[in-house]
Structure formats: structure tokens, C-alpha cells
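I opened my notebook to keep track of what I looked up. Please have the sequence and the 3D view ready while reading.

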Amino acid sequence: MKYALFLLALVGALPLAALGVLSRKCLAALMGLVFVVVLAFDSTAVNFISYEFYRGTARGLEVSLAYILAAAVLLAGAVAGFLRPVRHTSLFMCPGTWLFLVYFAWCAVSACVNDNTLALREAMLGGVWTPHFLLRGRLLSLFELWKMAMLFLVYAATYACLSYVRDVKAIVRALALVVLVVFLMVAREHLAGIYKVRGPFPHQNGLAMFLMLTGGVFLAAYLGLPKSRFRTLCAWAFVAASGVVFRTYSRGAILCYPLSVGFTAIVSLCARFSPRKVLRLAPLALVGLLGLALMMPRIVERFEKAPESSGEKRRFFARTALNVVRDHPVAGVGINNWAVFLNGHEEYQDPSPAGRDEKGDIGIVETIYLLTAAECGWVGLALLLAWFVYFWLVALRLAFRLARTRWAYIPVGMLGGLTGCYLQSCLEWVLKQQLNFLLLMVCFATLAWLNQHWRELRAEA
């Protein structure tokens, strides 16, 4: 049944693309649907090969409805640009695009030079226990490379949409509606007595990071835009995002989120100071302090009564990752091969048993930086950091270059979001989850387009 719906979605993408060609509003709405799918990402995806038992960053060859819609947006943008040529630039003129492609190529190299295998006594495949299963590392690497290729499709679609529509409000509005729906889902979980709420995400840390990336944009829009329904929507989305972040009780997010939104507020004031911004911050600060006061006992309890095993696991994974990269410094052990390699090479594992689960299998590195170093070597980590830092610097520069335009809130908000995201990634690996990686690619595509057009956008102001 799912495959039939998948084929139907593929066929339906063509008329949707045709609508996007006929109308800029339809194309913007189609791009917005990509984010609405976030609310039901797993149920609207098809896994052609699925290793759900694997403890890694990708577990199958997955195609989501979000990717099909992104392909429709990309097709519509290409056809519309051909029929009605407009002045635009190519995403391949952005250095950040090439940094990602080089990083992707190096991940492919790490997959090719490693040939890890692990014999399992049994594995769950398609709901059926399969005995004597041989887990192959190169296929696991293909899963991650496929995911990266699909997310590059979203990156290209976002850039194409902005090139033709020249308006980012449709994307921000869709994300705001998603956040408000997530807030309602979390409220229901709270009333049901669920301790660590996660909404439509596989883990509460992933939900918190998603809101980390969006919260700053909503705050910057509220501070910098004139009064409108759009600004009001962003204000409510910011309040909802902030409440949900703290209600996840994700310690990494609780530490990083105030830094993220605080940095957004400071940059917004420095780029273009206005007494009205200070007045707008006051009620938000008051509401935030009241909400924090109500939740403070549970937050303090979360830190004070956190199991010691959590810190032990992080130290175990860090020391083990350093052991791995010491012997595999160039290409690592293969992208998405951490678990299959470590379960077959116990000599690299730290002596502490903290990193093993109840089944005796090793978990995953909590920080994506050491995880990348172990799987792709120091070269892979250097490329990842260069990619991250490039777009952070672009956001910082655009925050001041576009300060007196209607676009200013985008780089200001993304600068704060990326700062919090990068810091949280020192403690958690959830940035590599598909939903967070997807949003990161959207942020990067938006910054790439703004960076190529900032002169004309500032001239239009």
C-alpha cells in the first residue's frame, strides 16, 4: 500500500510542479509543504532497504514525501526560469555549495576505502527475524550518502524557490505553523504525563535542536519587522518554541538555547539599534522569566538527578573515538560505520562498559565532531567545520549588510540559531538526524541566496 502511495506521490509531483510554473504563490506554497511534512516525516516516507536495528546516523534508503515535493519545486523553478528568464545566480557560485560537495566526496572516499563487515546471529528485517545476517559497512555508508544526496536536493530546491519567488516569508510562515502544531502535540504529551516530550521527532534532543534553529528567526522577525499578522505569528511561534525547548528537558538545549536567542537579540540591536526593539524585548523577557520560574524546579531536578551513566557514556565515546581516529587519521573507518566497526573491534573501546546497551551493543558518539573524525578522519572533520564556519560567517556579515532591509531578520535569526546548534552539537549528535539536517540545508541555501543578492536587496530597501 505504501509503495502505491509513493508512486501516486511521484505522479502527483508533476501537476504540482506545473502549478508552480504558472504562479509564484503556488511555488512558494509548494515549498512550504516540504516543512509541513516534518509533522509526519516517517509515515510519509518509504524505505526501499531498511536496517531499523542499526545504531547509526542512517538506517536505510529512504525517500520522503518532503523530498518528492522538493523535486517538484526544483523542477518548477527550472522550467519557470527557462520560460520567464529572471536575473539570478547559480547555487554553484556559492563556496558553501562546493564545501558540501567536497565533504560529500570525502565521505564517499571513506566508504570506498573501508570494507567493514559484522556477522550477526539474528537481525530484524521488515518485521521478520533473520538468522545469521552479515552486516556490510559499505551498504551502511550508502545509506548516509543517499540521505545527504536527498538533503542536497532540498538545498537546491530552496535556492531555486528563492531565486524565482524572491520572498522567504512562505518558508518562515510554514515553519511557524509547524512549531505551533508541535507545541500542541507536546502539550498533549505533557497532559498525558510524558516526562521527555518529543512531538513528531524520534528523540527529544532532536526536537530541541530543530526549535533551536527556528527560534532565533522568529525572535528576529518579531524585533525587526513592522506590525503585521506575519510578525504576530512569529511572536507566538517564538514563545511556543521556547516553551517546548525547556519542556523537552534536554540539558544540552537548556544550556544552549538562551545563548542562541540572546545572541540573536544582541546582534539585532547592534546591527540596527531601535528603542522599539528594546520595548518589544521587555514583554518577551517577562513571559520568559515567569515560564522559567514555573519550570525551574523540574529543570534543576533534571540536572541534579541526571544519572552518572550519562556523563560516563559521553567520556567513553569520546575516548573511544580518539582511539579510532588515532589509527585511522585520514579516511576514518567509513561514514555511518561507527557501530559496525566498534562492535567488531573491541580493542579500540575504552575499558569502561558505559557505552554498551542492555544487549551489549555499543552506542553512538554523542558529539558529531568526534563522530565525523572517527568515521571520516581528520580530513572529513576539517571539511565539515569549514562548511559550518563558512555559513556562520556569511550570516554574521549579512546581518549588518542587510540591517536596513526587510530581509534583515533572516541572517540575524539564523546566526543565533547556528550558534546554538553548533554548540549543542558538541554534546549531542542529533544534527545528523534527517529533520535537523534538512532544516540546516534550508538555512544554508537561504544564506547562500542572500549572500549572492545582498547588493540588489539593499538597493531595493
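Here are my entries, beginning with the ground rules.

**Ground rules.** I'm working with a predicted model, where local features need pLDDT of at least 70, side-chain atom pairs count only at pLDDT 80 or more, and totals for chains, interfaces and linings use all residues. Residues are numbered from 1 along each chain as its sequence is written, and side-chain values use heavy atoms, with hydrogens and water left out.

**Whole protein.** I found 15 helices and 4 strands. These are DSSP runs numbered from the N terminus: helices are H or I with at least four residues, strands are E with at least two. Next I checked burial, where buried means under 20% relative accessible area, exposed over 50% and partly exposed in between (1.4 Å probe, protein chains only). Of the 461 residues, 55% are buried. Then I looked at contacts (heavy atoms within 4.5 Å). Among those with a separation of 6 or more, 78% involve residues 24 or more positions apart.

**Helix 6.** I looked up residues 169-191, which form helix 6. The expected span is 1.5 Å times one less than the number of residues. For the 23 residues here that should give 33 Å, and the end C-alpha atoms are 33 Å apart, so the two agree. Its buried residues include Ala-170, Val-178, Met-185 and Glu-189. What do the buried residues of helix 6 pack against? I got helix 2 (24-36), helix 5, helix 7 (204-224), helix 8 (229-247), helix 14 (409-424) and helix 15 (434-460). After helix 6 comes Gly-193, with a positive phi near 85 degrees.

Is Ser-141 buried or exposed? It counts as buried because its relative accessibility is 1%. Ser-141 sits in helix 5 (residues 137-165). Beyond its neighbours within four places in sequence, Ser-141 touches Ala-111, Gly-334, Ile-335, Asn-336 and Asn-337. I then went to Ala-331, in the loop between helix 11 (308-327) and helix 12 (338-342). Ala-331 is buried too, at 13% relative accessible area. Leaving out neighbours within four places, the contacts of Ala-331 include Trp-106, Asn-114 and Cys-376.

**Aromatic pairs.** My search of the whole structure gave 23 aromatic pairs. Rings of Phe, Tyr and Trp (its six-membered ring) pair if their centres lie within 6.5 Å; planes under 30 degrees apart are stacked, over 60 edge-to-face, and the rest tilted. Tyr-51 and Phe-143 are edge-to-face, because their ring centres are 5.4 Å apart and their planes are at 80 degrees. This pair links distant parts of the chain, 92 residues apart: Tyr-51 is in the loop between strand 1 (45-50) and strand 2 (60-64), and Phe-143 is in helix 5. Both are buried: Tyr-51 has a relative accessible area of 9%, and Phe-143 has 0%.

Why is the pair of Phe-263 and Trp-392 stacked? Their centres are 6.4 Å apart and their planes are at 5 degrees, so the pair is stacked. Here helix 9 (residues 251-271) holds Phe-263 and helix 13 (residues 368-401) holds Trp-392, 129 residues apart. Phe-263 is partly exposed at 25%, and Trp-392 is partly exposed at 23%.
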